[in-house]
Amino acid sequence: MARDRKDLGARKYVRVNLHKPGFVIPAPDAPWIECTIIDVSEKGVCLDVGSLPVPKLFGLAFTTSGEVLRVCSLVWRNGEMVGAEFLS
């Protein structure tokens, strides 16, 4: 659910909770690895990747067919959760 700007605290962009499957694409020819998209904003995403190693740059597919793809840069990791910034 979107919140007013004054309710965002330190966040610049509204985050939308998704909790839906997504796919990390570690390299162009690598197999896609399922993850959970926790939330998304205009500029980035939070993912639950389990113990999966995530490269500094990776692709993220929001659909199994790859119709919605974003190139991401890893910003932080805390256990099984990662935060990434959209580059495209």
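Which residue stands opposite serine 73 in β5? Leucine 57 does. The legends below begin with the whole chain and then turn to single regions.

This is a predicted model, in which local features need pLDDT of at least 70 and side-chain atom pairs count only at pLDDT 80 or more, while totals for chains, interfaces and linings use all residues. Residues are numbered from 1 along each chain as its sequence is written, and side-chain values use heavy atoms, with hydrogens and water left out.

**Figure 1. Overview of the protein chain.** The protein chain has six strands and zero helices; helices (H or I, at least four residues) and strands (E, at least two) are DSSP runs, numbered from the N terminus. Along the sequence the pattern reads β-β-β-β-β-β. Of the 88 residues, 36% count as buried, where buried means under 20% relative accessible area, exposed means over 50%, and partly exposed lies in between (1.4 Å probe, protein chains only). The chain exposes about 5600 Å², and carbon and sulfur atoms supply 55% of that area. Accessible areas come from the Shrake-Rupley method with a 1.4 Å probe; for residues, only the protein chains shown count as cover. Among contacts with a separation of 6 or more, 44% link residues 24 or more positions apart; contact means heavy atoms within 4.5 Å.

**Figure 2. Strand β4 and its partners.** Strand β4 covers residues 57-61, and because four of these five residues are buried, the strand is largely enclosed by the rest of the structure. Two strands pair if DSSP finds at least two bridges between them. β4 pairs with β1 in the antiparallel sense over three bridges, and valine 24 has leucine 60 of β4 as its bridge partner. β4 and β5 also run antiparallel, joined by five bridges.

**Figure 3. Serine 73 in strand β5.** Serine 73 belongs to β5, which spans residues 69-78. Serine 73 counts as buried because its relative accessibility is 11%. Neighbours within four places in sequence aside, serine 73 is in contact with Lys56, Leu57, Gly83, Ala84, Glu85 and Leu87.

**Figure 4. Serine 41 in a loop.** Serine 41 lies in the loop between β2 (33-40) and β3 (44-48). With a relative accessible area of 11%, serine 41 is buried. Not counting residues up to four places away in sequence, serine 41 touches Tyr13, Val14, Arg15 and Phe86.

**Figure 5. Cysteines without a disulfide.** The structure holds zero disulfides. Cysteine 35 is in no disulfide, and the nearest cysteine sulfur, that of cysteine 72, is 9.3 Å away; a disulfide is a pair of cysteine sulfur atoms within 2.5 Å. Cysteine 35 is buried, with a relative accessible area of 4%. Cysteine 46 also counts as buried, at 9% relative accessibility.

Figure 6. Histidine 19 is in strand β1 (residues 16-25) and is exposed, with a relative accessible area of 53%. Phi of histidine 19 is near 45 degrees, a positive value in a residue other than glycine. Most residues other than glycine have a negative phi. Valine 16 is also in strand β1 and is partly exposed, at 37% relative accessible area. Val14, Val16 and Leu18 make a nonpolar surface patch of about 180 Å². Patches are made of residues with over 30% relative accessible area and no salt bridge, with like charges joined within 9 Å and nonpolar side chains (Val, Leu, Ile, Met, Phe, Trp, Tyr) within 5 Å. A salt bridge is a side-chain nitrogen of Lys or Arg within 4 Å of a carboxyl oxygen of Asp or Glu.
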